Amino acid sequence: MKPKEINLFDFIEGRSVKVKREIAAIKGDRPGSNIVFIGGMHGNEPTGVLALYHVMRQLEQLKPLISGAIYAVVGNLTALEKGERFIVNDLNRIWQADMVEKARNRDYHPDEIINEVEEQIELWGYLDNLLQTSDEKFYFVDLHTTSVKSEPFIFMSDTLMNRRFIKKTPVPVVIGIEEHLDEPLLSYVNDLGYPSLAFEGGQHTDSESVRNHEAMIWLSLVNGGFMKKIEVPKFKKHYHQLYHATEGNKKVYEIRTRQGLYPDDTFKMNAGFENFQMIRKGQPLAMLNGEIVKANETAQIFMPLYQHKGDDGFFIIKKIAKFWLGISYVFRRLNLYRILSFLPGVRKFMGSNHVMIVNKDIAKWYSVELLHLMGYRRKKKQGNLTLFIRRKFDLYGPWKRAKTR
Ligand SMILES: [Zn+2]
């Protein structure tokens, strides 16, 4: 079957461009890691795809010295063509291990292979194939935009390899999203042991978002060791693009609250909230099924929903102090997570240091914070008990084992 090709309007250059699943695959002359950029996981977010199209075209023309391999790929091709977030269900919420397994084996009745199922089968087919091509590290960068006006930011799991990858990127980081969202693609590849992040470049159809995405792509190529800074056309301009867009905000925030929505809910966000805006405890934020929803703490509002599709009403986030980030780095490098089971209300599960059970009636406020900072993520809740599991990969992934074999 001929690969599907769609027309996408490039509002920066004022013309229509042809886009396929694979925008580009550029193999360097020197050995190195691999990087996979994904644009258009949500079909109403074309700016990441346009930025990839622009940068890849430049790379193909300039032919700089590249170490490793660079791939650019489209997420939801059908939805992108229609300009809709998704057709039937959100392609970025169906990456549970068993769903991926089904996609890999095409374990569906032909009648079931519609829209996002088909997109997932194709996309995973492509990515899975790539992962077989190299024993080296794979970076994943997923490009998104928001419905609300926002400075650029990064979503990622708090692994040491992710921290290292974004160290020189002048963009704020939000961690802990994976505890609140149904399986996005990045959580899946992160659990496989690859550094991966989502970059939110700004508002859906803003031309600044294209520039921010382009800047992020160039910076990622340098930070991942694919290109030398000097080989990037106008590297400084790209760095400053992001630096000015975020006003130099490089803070790390954690998600504290998610206002989830069910399909039948009527939800209306109060007007005028911007991303990262300060809110006070008790401040009215939205109307949910005729009731006022108020802020449960003084913190910052994040990703308020101002579009009709989506199941996250808003999030509340809070800054993590540099001190704690530093401490957790040292503790994780030294594998000191064993001491966590001495905290009040925290104990090992079946003798394993990798799984901890927290009793919220006994635990102190800092217990959960410390578990997060030590690289554990909340997995299951039952009554007053919560199960936390330590991420299998922190500083190194499976590529390292492949190499030393
Ligand atoms: Zn998105």
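Colleague: How many salt bridges does the structure hold?

Modeller: This is a predicted model, and the structure holds 22 salt bridges. One of them joins the side chains of Asp-128 and Arg-104, at 3.0 Å from N to O. Asp-128 belongs to helix H4 (residues 115–132) and Arg-104 to helix H3 (residues 97–104), so this pair, 24 residues apart, links distant parts of the chain.

Colleague: Is Asp-128 buried or exposed?

Modeller: Buried means under 20% relative accessible area. Asp-128 has 15% relative accessibility and therefore counts as buried, whereas Arg-104, at 36%, counts as partly exposed.

Colleague: Where do Glu-208 and Arg-211 lie?

Modeller: Both lie in helix H7 (residues 207–223), 3 residues apart, which is about one turn of the helix. Glu-208 is partly exposed at 34% relative accessibility, and Arg-211 is partly exposed at 36%.

Colleague: Which residues are linked with Glu-254 in a network of salt bridges?

Modeller: The network links Glu-254 with Arg-256, Glu-297, Lys-318 and Glu-369. Within it, the side chains of Lys-318 and Glu-297 meet at 3.7 Å, N to O. Lys-318 is in strand S16 (residues 312–319), while Glu-297 is in the loop between strand S14 (291–294) and strand S15 (299–302). Glu-254 itself lies in strand S10 (residues 252–260) and, with 10% relative accessibility, counts as buried. Its contacts include Lys-318, Glu-369 and His-372.

Note on methods. Residues numbered from 1 in each chain as written. Predicted model: local features only at pLDDT ≥ 70, side-chain atom pairs only at ≥ 80, totals over all residues. Heavy atoms only, no water. Helix = DSSP H or I, 4+ residues; strand = E, 2+ residues; numbered from the N terminus. Buried < 20%, exposed > 50% of the residue type's maximum accessible area, 1.4 Å probe, protein only. Contact = heavy atoms within 4.5 Å. Salt bridge = Lys/Arg side-chain N within 4 Å of Asp/Glu carboxyl O. Lists of a residue's contacts leave out its neighbours within four places in sequence.
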